[in-house]
Amino acid sequence: MKLIHTAYHPAPKSADQGKKQVATDHEALHRDATIHQAVQSSESHLTPLDLETIMSNKGVVKYWYLHRPKTMEIVHKNAVKRDAEKKEAERLAAMTPDERRREEEERIAFDLKVEETRRLKRQATALAEEKAAQELAEQARLAALAESERLAEEYVAARERELALQAEKQAKYEDSLGRDVPIVVTDHGRGRVLFYDRETEVYSVAIEHYGKPEEVLDVYPEEIVLDGERILSPKTLVDTPFGVGEVVGLDPHLGCYAVTNLVVREEGVDETAAPQAFLQIRDIVRHVEERESHDVVVEAGGLPIPDEITMKSARIVNSKIVTQSRHKFVQYHLEIQTTNYGTVYCWKRYSTFRLLCDRLMNEAGYKKKEIPELPKRHITGNMSEKTIRERVEKLNEFLDAAVRAEHLQWGIKVDDQIAVYKRRVKKPRNAAPAPSSSVFGSRRR
């Protein structure tokens, strides 16, 4: 067998220091392309032929150290391993059989101890892994429990919010206004409720435009206030489908009037029972008693009724307390001087003048400093002589200012045939006259 030369067994040197061997060694490197391709592609295993070829010369070893360092690392390990095995064989050969036996027993005991140590380590590792797995499982269980509690809390909170929202919507619905309730809408004027949407919390209302069709709008609750001027006060006589009765009060949410002391028009009904009813607003109208012939007096000297009667002045000349169906109220005797139909007298209630004042303020836009404001209605004391006298004074101040105001235009309906108008004074810059605005209706011709 050919000797493999290593660092421990150097090859003999010739006189030329192995220079002639370099070419031969390179020829040997390329001698078998398949073997060297395997060495270059996978350097984890080297055959004895490769080792012999690599270690045959120092120039070749240097070449492989430079170009194949991984291969030379494997070569070095193999060489060291062979040297160690050789030394171990020499050491065992120098020992006696008893020494080798004792050493073998010690090696076996050491191996058993190492194996036991490894077993204990594996057991401890297994216990640690089992404990870690249990801890992870416990953490997962606690996390799942915390997550379930969080989800339960979120569900309870969401449910509470939903119930609170429903309660809030229910409260808003209970405070909402019913159909046909008279209202005043911000920036739009007077109107009535058509519908309230509980989901969107928006009212559908009909805005009244005098002489024009109603305009339907969607508005928010904060833009609406009750129109107290158009809500019938208690003990107001009203006509209902069941007869004449007195108003007890209004339920704004239901849009119903409570009416009592109904005078039923059907035969065989006991009127002393004073029946009561809850009626929709649209089913009730203010009761108007039959007027007597002397309610309206015209001092026109037999003049024919003109197409339009123009107002010259107006003032209150008298007052009286009227009782109709157990209901008392005050009427004021209005004297109207005209330019083309003499003097006209009629009786009007204080609410009529209050309505005229409010409509002039909302529609004509007059300033308070130009025309005095009328006193508001009182809950009690309206029949006292002092109150009536004060109202007469204020009414005369208001009528005098309203007639003299050039920018105002209004009218008063005396009866079904006569209406007196106060026209706005035309200014030169206006090309067309302003439209008529009668707050009490127009005269029938």
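**Strand pairing and salt bridges in a predicted model**

Biologist: Happy to look at this one with you! Which residue is the bridge partner of V184 in β5?

Modeller: Bear in mind that this is a predicted model. Strand β1 covers residues 182-185 and pairs with β5 in the antiparallel sense over three bridges. Within that pairing, the β5 residue that partners V184 is V225.

Biologist: Nice. In what order do the five strands of the open sheet lie?

Modeller: Strands of a sheet pair through backbone hydrogen bonds, and the pairing can be parallel or antiparallel. In this open sheet of five strands the pairing is antiparallel. The order is β4-β3-β2-β1-β5.

Biologist: Why is one side of β4 and of β5 left without a neighbour in the sheet, and which places do these strands take?

Modeller: Each of them, β4 (212-219) and β5 (224-226), has a single partner strand. One side of each therefore has no neighbour in the sheet, because both stand at the edges.

Biologist: And what does the twist average from one strand to the next?

Modeller: Take the order again, β4-β3-β2-β1-β5. Going from one strand to the next along it, the average twist is 40°.

Biologist: Let's go to the β4 end. Which residue in the turn between β3 and β4 has a positive phi?

Modeller: Strand β3 (residues 202-209) runs antiparallel to β4, and six bridges join them. H209 stands opposite K212 in β4. The two strands form a hairpin with two residues between them, and the turn residue with a positive phi, about 85°, is G211.

Biologist: On to charged side chains. How far apart are N and O in the salt bridge of E138 and R141?

Modeller: Both residues lie in helix α6 (residues 97-174), three residues apart, which is about one turn of the helix. E138 is partly exposed at 35% relative accessible area, and R141 is also partly exposed, at 43%. Their side chains meet with an N to O distance of 2.5 Å.

Biologist: Which residue does R122 meet in a salt bridge?

Modeller: R122 counts as partly exposed, since its relative accessibility is 47%. The partner side chain is 3.5 Å away, N to O. That partner, partly exposed with a relative accessible area of 41%, is E115.

Biologist: Which residues do salt bridges that share partners join into one network?

Modeller: The structure holds 22 salt bridges. Those that share partners make one network of R179, D180, R192, E214 and R282.

Terms used:
Residues numbered from 1 in each chain as written. Predicted model: local features only at pLDDT ≥ 70, side-chain atom pairs only at ≥ 80, totals over all residues. Heavy atoms only, no water. Pairing = 2+ DSSP bridges. Helix = DSSP H or I, 4+ residues; strand = E, 2+ residues; numbered from the N terminus. Axes fitted to C-alpha atoms, helices over the stretch in contact; angles between N-to-C directions. Salt bridge = Lys/Arg side-chain N within 4 Å of Asp/Glu carboxyl O. Buried < 20%, exposed > 50% of the residue type's maximum accessible area, 1.4 Å probe, protein only.
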